[in-house]
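Here is a short report on one protein model. Please view the fold first, then read on.

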Amino acid sequence: MKVKHTRRFLFLKKQVVAGLVLFLAGFTASAQEVIDLYPGTIPNAKVFQGANKGNLEAGGLVRRVVKPSLEVYLPAKENASGAAVIICPGGSYKVIVFQGEGVATAKEFAKNGVAAFVLKYRLPNDTILTDKKIGPLQDAQQAIKLVRENAAKYGIDANKVGIVGFSAGGHLAATAATHFAKPLIPNPKNTNLRPDFQVVVYPVISMQEGLTHADSRSNLLGKNPAKETVDLFSNELQVTANTPPTYITHAADDKLVDVDNSIAYFQKLRNQSVEVEMHIYPKGGHGFIFKQKDWIEPLFLWMKKNNWINNN
């Protein structure tokens, strides 16, 4: 297991370096604003003292989040489509690849007329969360709630708010898209927590043995989760006819997160008559977005065809 974690760490370092190259070469706008996700009491949080009060991040990776937030990237007004996305970077539910998968992607969305909000969500950890299983989902729900309730401020159509996730962040995005009927946060205005669309990129979807990514599962659910918990967080089992329209992309040769996660999700969505489009590349491995920079072009075409962004 130690060797496996070491390989994952080295892989993440490569992701960050590649992501920073893309970051510097691409759209150069910086975040217009950083929003505290919870202006008041943070639900499900334990009380801390001393050094544990702050987030822990360096080198484009976030390793601990005590104060979750949204980093805002808005398009130029003349280019704004009214659509918005909340971006959930991955990292096995152990770290967040914030710059490489989050910020770099947000800039591409903003350049193409989509307001982007990068989510710095709480990583599941028993020392900071009362129930670590639901912490990330609470933050995703709160992000959707905040973006919708502030749609006018950001020039957004409240009916065009989607969620995007990579790897374990893809699991979080898919969880938000399949568990929206049960709010895990205070929601006095009864704001709609259902994303209008979901985009999952080399996602962890299932928590089932033999299909899941083992580190993501153990980090989120613990070493020996009950079958009911495994089933609940296996998002292919939670699909209904009301699950949002979906875009899936993955590489067939992914050695870290099996492409069967995406295939199983596609099948369940299709069987429930949910509109779903899937792009599987024959090669690229996990994190292929860092090598294949045009990966996002079919996604924008899908968004145009579905009228999430302007078709011009």
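**Basis.** This is a predicted model, in which local features need pLDDT of at least 70, side-chain atom pairs count only at pLDDT 80 or more, and totals for chains, interfaces and linings use all residues. Residues are numbered from 1 along each chain as its sequence is written, and side-chain values use heavy atoms, with hydrogens and water left out.

**Whole protein.** The protein has nine helices and 11 strands. Both are DSSP runs numbered from the N terminus: helices are H or I with at least four residues, strands E with at least two. Of its 312 residues, 57% count as buried. Buried means under 20% relative accessible area, exposed over 50%, and partly exposed in between, with a 1.4 Å probe and protein chains only. The protein exposes about 13,500 Å², and carbon and sulfur atoms supply 53% of that area. These areas come from the Shrake-Rupley method with a 1.4 Å probe. Contact means heavy atoms within 4.5 Å. Among contacts between residues at least 6 apart in sequence, 80% join residues at least 24 apart.

**The sheet.** Eight strands form an open sheet with mixed pairing, in the order β1-β4-β7-β5-β8-β9-β10-β11. β1 (33-36) and β11 (276-281) stand at the edges with a single partner strand each, so one side of each has no neighbour in the sheet. The twist averages 20 degrees from one strand to the next. Two strands pair if DSSP finds at least two bridges between them. β10 (residues 246-251) and β11 pair in the parallel sense over six bridges. Ala251 stands opposite Tyr281 in β11.

**A helix pair.** α3 passes α5 in a right-handed crossing. That term means the near helix is turned clockwise from the far one by less than a right angle. Their axes are 9 Å apart, at an angle of about 65 degrees. Axes are lines fitted to C-alpha atoms, for helices over the stretch in contact, and angles run from 0 to 180 degrees between N-to-C directions.

| Helix | Span | Contact residues |
|---|---|---|
| α3 | residues 135-149 | Pro136, Leu137, Ala140, Ile144 |
| α5 | residues 168-178 | Leu172, Thr175, Ala176 |

By class, this contact has six nonpolar, one polar and no charged residues.

**One residue.** Arg63 lies in strand β3 (residues 61-64). Arg63 counts as partly exposed, at 38% relative accessibility. Its C-alpha atom is separated by 9.5 Å from that of Tyr93, 30 residues apart along the chain.

How values were computed. Nonpolar A, V, L, I, M, F, W, Y, C, P; charged D, E, K, R; others polar.
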